[in-house]
Amino acid sequence: IQKKFSLAFKNLSGKGKISEKNIKDAVKEVKLSLLEADVNYKVVKNFIDSVKEKALGEKVLESLTPDQEFIRILKNELIELMGGKEPEKLVISRNPGYIMLVGLQGSGKTTSAAKLAKMYKEKGKKPLLVAADTYRPAAIDQLITLGTQIDVPVFSGDKVNARKIVKEAKNYAEKMLHDIVIIDTAGRLHIDDDMMKELEDIKNYIKPEEILMVVDSMMGQDAVRTAKDFNDRLELNGFIVTKLDGDSRGGVIISIRHVTGKPIKLAGTGEKIVALEPFYADRYAGRILGMGDVLSLIEKVESELDKEKAEKDAEKFMEGKFDLNDFLAQIKQIKKLGPLGNILEMMPGVPKENVDLKKGESEMKKMEAIINSMTIKERKNPKTLTFSRKKRVAAGSGTTLQDINKILKSYEQIKKMMKQVKKMGKRKFLGNMKK
Ligand code: GDP
Ligand code: MG
């Protein structure tokens with residue numbers, strides 16, 4: 001398939017814009033690839049349709065074909081759908097904080113409970129594991145064994161009544177000053193009303209801050225219904241997807257995310273107790289899509305693009321054409337890359353101690369709001385900002401005249417620095433930029 005796909009691209013060197021016609025092959029191949037990754041077919045259709053709608057009419061990048069451009073857009077949408085580039089954290093603010101793990105039998109609840117306990121222990125917390133799976137007798141022993149390995153106590157009460165075990169565990173945790181309580185619950189092979197009732201009771205009693213469903217990444221198509229059922233009954237906070245160390249492409253991730261809208265917070269990547277990681281969507285998006293060749297080509301083009309833009313910015317900067325529009329663009333960039341910081345750091349002769357980037361970041365938001373409140377013309381020529389215009393901008397951005405003057409001053413300072421750098425030689429500066 002991969003080969004056929006690349007061939008199809010060669011025939012389509014048409015630039016211009018994405019149209020229904022010029023991405024026909026890519027749409028077909030992506031669909032197939034996602035189905036092969038075991039993404040639910042309805043999810044595949046919905047997702048591709050929505051990306052198509054967004055992509056139609058978009059300009060195609062210089063070095064890509066329309067097909068490749070479509071896949072580029074689709075991959076970025078996929079990362080967004082999977083929760084964006086930054087992993088979602090568990091939010092525990094109470095003391096003790098409660099985490100409850102739910103899911104089908106064999107999904108990895110007990111293993112993940114121990115992994116979580118270890119993770120928190122390493123952060124200096126004092127976790128307690130609660131064995132509330134009374135459905136399978138061996139389950140409690142399994143958790144006790146794991147608890148012993150990581151030196152975390154396991155509360156198992158009468159080992160019979162899950163509701164009672166959790167109630168007693170709460171008292172125990174408070175008495176023993178545990179700050180994190182992780183509850184392992186019973187699963188079944190299929191969704192079952194008794195199980196759900198028990199989980200609902202436990203949830204209503206303990207009101208966990210994090211109720212996470214553990215999902216086996218090899219589960220395939222059934223994941224959609226199961227995740228939906230669990231989420232409908234228990235209002236999940238998110239998922240732990242396990243067994244991502246295996247062969248599965250991880251299509252389950254898209255399916256469950258798409259039907260519940262809840263984030264994947266953690267990834268299980270092995271049987272060992274250390275194999276639990278924050279979930280990085282961009283790592284898994286590529287894996288789900290497969291299409292190795294195409295994706296690496298697109299990545300290369302994207303990184304070239306970033307480099308080109310940085311060079312262009314630097315060039316503009318050097319020529320003194322750097323206005324407040326560019327300033328705003330830089331502020332937006334700095335959030336993800338920190339290029340203003342880089343630029344300042346690379347500038348010879350800028351005293352480093354004057355560049356407090358941490359403090360800069362909080363100022364950054366204010367700057368953004370202020371520049372956003374200016375007209376394009378004002379941004380191009382800040383000298384036109386009269387007193388009354390400044391007053392308008394202050395009102396619009398919820399800041400003060402002093403704030404605005406401060407920003408204009410730092411903009412002027414940067415311009416001044418630019419001139420200094422220019423004197424020192426453009427060549428040297430751009431040379432540094434390319435490193
Ligand atoms: P539970 O029934 O939901 O409590 O599932 P278990 O925690 O008992 O796990 C079922 C099986 O999956 C066990 O053999 C675990 O070792 C295995 N397992 C759990 N998580 C992972 C993982 O991330 N990777 C691999 N390879 N195996 C896992
Ligand atoms: Mg278990």
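I will go from the overall fold to the strands, then to the ligand shell and some backbone details.

First, the ground rules. This is a predicted model, in which local features need pLDDT of at least 70 and side-chain atom pairs count only at pLDDT 80 or more, while totals for chains, interfaces and linings use all residues. Residues are numbered from 1 along each chain as its sequence is written, and chains are lettered from A and ligands numbered from 1 in the order in which they are written.

The protein chain has 435 residues, and 38% of them count as buried. Buried here is set by 20 or more other C-beta atoms within 10 Å of the residue's own; 12 or fewer is exposed, anything in between is partly exposed, and the C-beta atoms are placed from the backbone. In secondary structure there are 19 helices and eight strands. Those are DSSP runs numbered from the N terminus, with helices being H or I of at least four residues and strands E of at least two. Among contacts in the protein chain with a separation of 6 or more, 77% join residues 24 or more positions apart. A contact means that two C-beta atoms, placed from the backbone, lie within 7 Å.

Now the strands, starting with β1, residues 97-102. How many of the six residues of β1 are buried? Six of the six, so the strand is largely enclosed by the rest of the structure. Gly97, Ile99 and Leu101 point one way, and Tyr98, Met100 and Val102 point the other way. β1 runs parallel to β4, residues 180-185, and five bridges join them. Two strands count as paired if DSSP finds at least two bridges between them. Isoleucine 99 has isoleucine 182 as its bridge partner in β4. β1 also pairs with β5, residues 210-216, again in the parallel sense, over four bridges. There, valine 102 stands opposite methionine 213.

That brings in phenylalanine 230, which is in helix α9, residues 223-234. Which residues does phenylalanine 230 contact, leaving aside its neighbours within four places in sequence? They are Val102, Met213 and Leu236. Phenylalanine 230 and valine 102 are 128 residues apart in sequence, yet their C-alpha atoms are 8.3 Å apart in space. Phenylalanine 230 counts as buried because it has 25 other C-beta atoms within 10 Å.

Next is β2, residues 127-132. Six of its six residues are buried, so β2 is also largely enclosed by the rest of the structure. Pro127, Leu129 and Ala131 point one way from β2, with Leu128, Val130 and Ala132 pointing the other way. Six bridges join β2 to β4, and the two run parallel. Proline 127 has isoleucine 180 as its bridge partner in β4. β2 also runs parallel to β3, with two bridges, and leucine 129 is partnered with valine 154 there. Between β2 and β3 the chain passes through helix α6, residues 137-150, in a right-handed β-α-β crossover. Right-handed means that, with the strands pointing away from the viewer, the path from the first strand over the helix to the second runs clockwise.

On to ligand 1. There are 19 residues around ligand 1, and Gly108, Lys109, Thr110, Thr111 and Gly268 come nearest. To be near, a residue needs its C-beta atom, placed from the backbone, within 6 Å. Helix α5, residues 109-122, gives the largest share of the shell, three residues. What is the shell made of, by class? It has two nonpolar, 13 polar and four charged residues. Ala, Val, Leu, Ile, Met, Phe, Trp, Tyr, Cys and Pro count as nonpolar, Asp, Glu, Lys and Arg as charged, and the others, Gly among them, as polar.

Last, some backbone details. Most residues other than glycine have a negative phi, and most peptide bonds are trans. The peptide bond from asparagine 95 to proline 96 is cis, with omega near -5 degrees. Proline 96 is in the loop between α4 and β1. Aspartate 38 has a positive phi of about 75 degrees, and sits in the loop between α2 and α3. Aspartate 38 counts as buried, with 21 C-beta neighbours inside 10 Å. Lysine 159 also has a positive phi, of about 60 degrees, and lies in the loop between β3 and α7. Lysine 159 is partly exposed, with 15 other C-beta atoms within 10 Å.
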